[in-house]
Amino acid sequence: MINQNKKMIDPSNDAPLEEGETHVVLEPNAMAAGQQVIRRITVALDASSDSRAALVAAALLAETWKAELHGLFVEDINLLRLSELPFAREILFAESELRRIEREELLRRLRARAAILRQEVQEIAAEYRIAGTFQVMRGSVGKELLAAVLDTDLLAIGRLGHSIAHRAPLGSTARAIIAGATSAVLLVRAEVAMGPIVALYDGSDVGRRVLDLAVSLTERGGDLRVLVWAEDEAVAFETRQLAAHLLETHAIHIQYQHLSGDNPQFVLQWVNRQKASLLLLGAGRANLSDHIFQMLLDEAEQNILIIR
């Protein structure tokens, strides 16, 4: 069930009310005590378009939160092991002939890719005036990325990697990272347009951290839309009232809606209709239904920031 919008506006805005809207005047306030602090953002890099988009998205967040940007390129040990097998062959894009995978040629290409990525990190760090570092690791991609989250506050990864299917489900590596990460995780799609920020609040402690980070991303301008969810309609309405109370002193434009029930399609359709650039979700000890969480990971059209 969807309830009416409630808009919170700047006191200087004297525009007439639309039907079904309530305008509430908000004043500035510091972020809530205990808010999650993002000081270091690690971005997993490769040659894909989603990887480049992840680097740009991570830089924007680093600029907002005054965080360090750390680029990480993993040389896939399994690919190197494959090159040692006498029967291993590769086929290049737009070519039809198979050719043997040469280990030295593969190493040369990996070094060349690392040099390009290092330069990209340096350039984007200079553009956004943030601290930037770069690192090359060799190992299993999934294991190295899970190890990296132990030393970072947020890990940014491209959602699809080298897949040519733009609506492909989330891959096994990304799912393993989300399941095992102790840090926040940012899933990035290439070609996501600028738009509002959507924060999904479920009344949990991690949901409160979702709200706090969403506010920090919109305090310098922007549109925040808070989707409140609960299994029961009455609880959803009460949780919406709680969300409005928690954010009532922030001088930003906020729209509220609440949904109830366990229909993932219902939530997904509302989220995608917002044409947002970023969706914030809580994970771990969140109250959100796992069915809804997994469908949003697979089919939400925005970049997704998963908070713990």
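Contact means heavy atoms within 4.5 Å.

## Basis of the model

This is a predicted model, in which local features need pLDDT of at least 70 and side-chain atom pairs count only at pLDDT 80 or more, while totals for chains, interfaces and linings use all residues. Residues are numbered from 1 along each chain as its sequence is written, and side-chain values use heavy atoms, with hydrogens and water left out.

## Helix H9 and His291

Helices are DSSP runs (H or I, at least four residues), numbered from the N terminus. His291 is found in helix H9. With a relative accessible area of 56%, His291 is exposed (buried means under 20% relative accessible area, exposed over 50%, partly exposed in between, with a 1.4 Å probe and protein chains only). Leaving aside neighbours within four places in sequence, His291 is in contact with Asp262 and Pro264. The C-alpha atoms of His291 and Asn263 are 8.2 Å apart, and these two residues lie 28 residues apart along the chain.

Helix H9 covers residues 290-299, and its buried residues include Ile292, Phe293 and Leu296.

## Helices H1 and H3

Two packed helices are described by the angle between their axes and the distance between the axes. Axes are lines fitted to C-alpha atoms, for helices over the stretch in contact, and angles run from 0 to 180 degrees between N-to-C directions. Helix H1 (residues 49-65) packs against helix H3 (residues 103-128) at an angle of about 35 degrees, with the axes 10 Å apart. On the H1 side the contact is made by Arg52, Leu55, Val56, Ala59, Leu60 and Glu63, and on the H3 side by Glu120, Val121, Ile124 and Tyr128.

Ala57 is also found in helix H1. Ala57 is buried, with a relative accessible area of 13%. Apart from neighbours within four places in sequence, Ala57 is in contact with Leu186 and Val188.

## Nonpolar cores

A nonpolar core is a set of buried Ala, Val, Leu, Ile, Met, Phe, Trp, Tyr and Cys residues joined through side-chain atoms within 4.5 Å. The largest has 56 residues, and those touching the most other members include Trp65, Leu186 and Leu305. Not counting residues up to four places away in sequence, Leu305 touches Trp65, Leu154 and Leu186, among others. A second, separate core of 37 residues includes Ala148, Val198, Ile292 and Ile304.

How values were computed
Helices (H or I, at least four residues) and strands (E, at least two) are DSSP runs, numbered from the N terminus.
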